[in-house]
Amino acid sequence: MRILHVLSYSEQPTGSSFYCRDISREFLKLGHTVFISSDKPQLDFGCPFFPVPISNRSFPQRLKNIRELVSIIRKNQIDIIHAHSRAASWVSYFAAKITGCTLVSAIHGRQHMHLSTFFNIYGDALIAVSKNIYDQLTGELRFPKNIVHHVPNGIDLQPINHTSLPKKLISIVGRTSNKKGEILGKLCIEAFHDILREFPEFSIAIVGGPIEDMPLEAVNQIKQLQAEFPNRLLCQGFRTDIRNVFAESSVIIGAGRVAIEALYHDKPTIAMGEAGYIGLVSPENYSTAAESNFGDIDVKEIQNISPEIVITDLNKAIRKQFSLKEVVSQSYSSSTVALQVLEIMKSARMKRLYPKHIPVLMYHKVSEGEIETKNRIFVSVPVLREQFSYVKSAGYTPITFTEYSKFRDCIRPMKEFPKKPVFLTFDDGYEDNHRLLFPLLQEFGFRCVIFVLGDRNITNNYWDSEDTAMRSELLSDSQVRELSEWGVEIASHSLTHPHLPSLDKEQAEREIISSKENIEKLLGKKVITFCYPYGDVNEDIKKAVKTAGYTFGISTDTGGLHLEDDTFQIFRAYIFPHDRGLSYRKKCQAWYRQYYFKKRNK
């Protein structure tokens, strides 16, 4: 994809700037093309930069900014605009409207009630970097939950060389301006003197900006303390070598990305940000601290900044015996976060460019005629021919999930996307799919998706053993290969067709992972689609499917109203033997998913 980041400028680099830099580097590693637009460059983004005064909010300048962004988008064939502030979202919103480009906004802080929050200048998707921001967006501001996503800060977590210094150091890292400067000033006035007196072997370093940006009372207090405690209160300003700061420090005080990276480096971390003072981050309060982005957003249990509380926390920090490195690495690694953000971008783009529901039709067996059985999971050849004739005459184009993913990944241009796409899916991989279905596919020139078992030693549908009329042979390896070579997507239906939610975690993962590996080995192709046996799925199973490397998870009669609402629980319309005429036609309509939801509430 071709991605344009739009940022507003501040004198001191903010968390959004570092977030943008780190995920941009990951995007580049994955082969995407990245551009940056802001007032002026603050960091080395490693990609083309377009200077646009985004922070100038005068109406005439905003109009100029919109025109400039439109030109950048068109000249560079941008697929996604990723905005990182309200000012950036404002101009990006209108540029996206003019160009038809997709806009995704990252929300890095609490949003104040404003006219722009009522008609959604943030675009097709919003990414909240903390749980408390997500709660505000979906609660107080009432943004639809299907366009708001919680994805934490992405940080390039690299190891540091831990340094032993003759004097120990408490480093307070963060902006010295605005609200953070006020909180730091309060800490300085209330606690610095007692800290320096209580811990004579420690020095204090203020890192992140000039102290002159802090309240005057705090600046005067710093000067007095520097005179009283020579060389023990260090004002270092903004430093680009932030990892050296972590290496030099015994304790870190900060919020947001500072706290996250400090915890990753196993530094005792006291969370203090724009929203208030939390205290020492420990296993007991980690989740709550993370929800507030470690003190920056809507802290639920704010502690007063008093000498007693801060000194108690510092004593605990010095004696720290726990590590949060692993949990931080799992949640905040920029490589993990970048993949999550890319998925949101792809989904938002597809929903914008094809907002209709795409019918996904669910078949199983194909028979020569009627079968006397209580399990109505077959369609006879005459009925299937009638259905295929309607699909063709009505202008539908059957596609596979593999084909769909190429449009989703910007490998194929959307101008080639079918005007009326439909997915034809066949579960279990019955032998009759080759003997009876395959000739019809060739006759009509259709593609479909067939879900087969990964255990290739299973040769029949043993799970239907009680219904002797339904007992059937499954596709052989050679038949599967022939179908695949012709253009049928062969996808996974687990290893052995169990009820996945009833299995333990290890068994379920084996069913999901081994089936993918076996089918890929059989075909020499990547398998990206998984179909849940019996349609049984829960959040843990969906997570396992996603972790295994699939792109899509296919359900039965549950899922989102749009395919992209939840790509790991995709709704399908069940096709029965009697579905002819209007009964079949309605299931092919874009409105059918909404109709089914209202009728069945699922």
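A cavity is a set of points where a 1.4 Å probe fits but cannot get out. Keep that in mind as you look at this predicted model: searching the whole structure turns up four cavities of 30 Å³ or more. The largest cavity holds about 120 Å³ of space.

So who sits around that space? Of the 14 residues lining the largest cavity, Val-173, Gly-174, Arg-175, Lys-180 and Met-272 come closest to its centre. The elements giving two or more residues to this lining are β8 (168-173), α6 (178-198), β11 (251-254) and β12 (269-273), and α6 has the largest share, with three residues. By class, the lining splits into nine nonpolar, three polar and two charged residues.

## A seven-strand sheet

Now hop over to the sheet. Seven strands make up an open sheet, paired in parallel, in the order β3-β2-β1-β4-β5-β6-β7. β3 (49-51) and β7 (148-150) are at the edges with a single partner strand each, so one side of each has no neighbour in the sheet. On average, neighbouring strands are turned by 20° against each other, ignoring direction.

Take a look at β4 (residues 80-83) and β5 (residues 102-107), which pair in the parallel sense over four bridges. There, Ala-83 stands opposite Ser-105 in β5.

## Helices on the sheet

Helix α2 (residues 59-75) packs on the sheet and touches β1 (2-6), β2 (33-38), β3 and β4. Its direction makes about 160° with that of β1. Helix α5 (residues 131-138) lies across β5, β6 (125-128) and β7, at about 165° to β7.

Definitions and conventions:
Residues numbered from 1 in each chain as written. Predicted model: local features only at pLDDT ≥ 70, side-chain atom pairs only at ≥ 80, totals over all residues. Heavy atoms only, no water. Pairing = 2+ DSSP bridges. Axes fitted to C-alpha atoms, helices over the stretch in contact; angles between N-to-C directions. Contact = heavy atoms within 4.5 Å. 1 Å grid on protein atoms, 1.4 Å probe; cavity = no way out; pocket = protein on both sides within 12 Å on 5 of 7 lines; lining within 4 Å. Points joined across faces, edges and corners; volume = space filled by probe spheres on them. Nonpolar A, V, L, I, M, F, W, Y, C, P; charged D, E, K, R; others polar.
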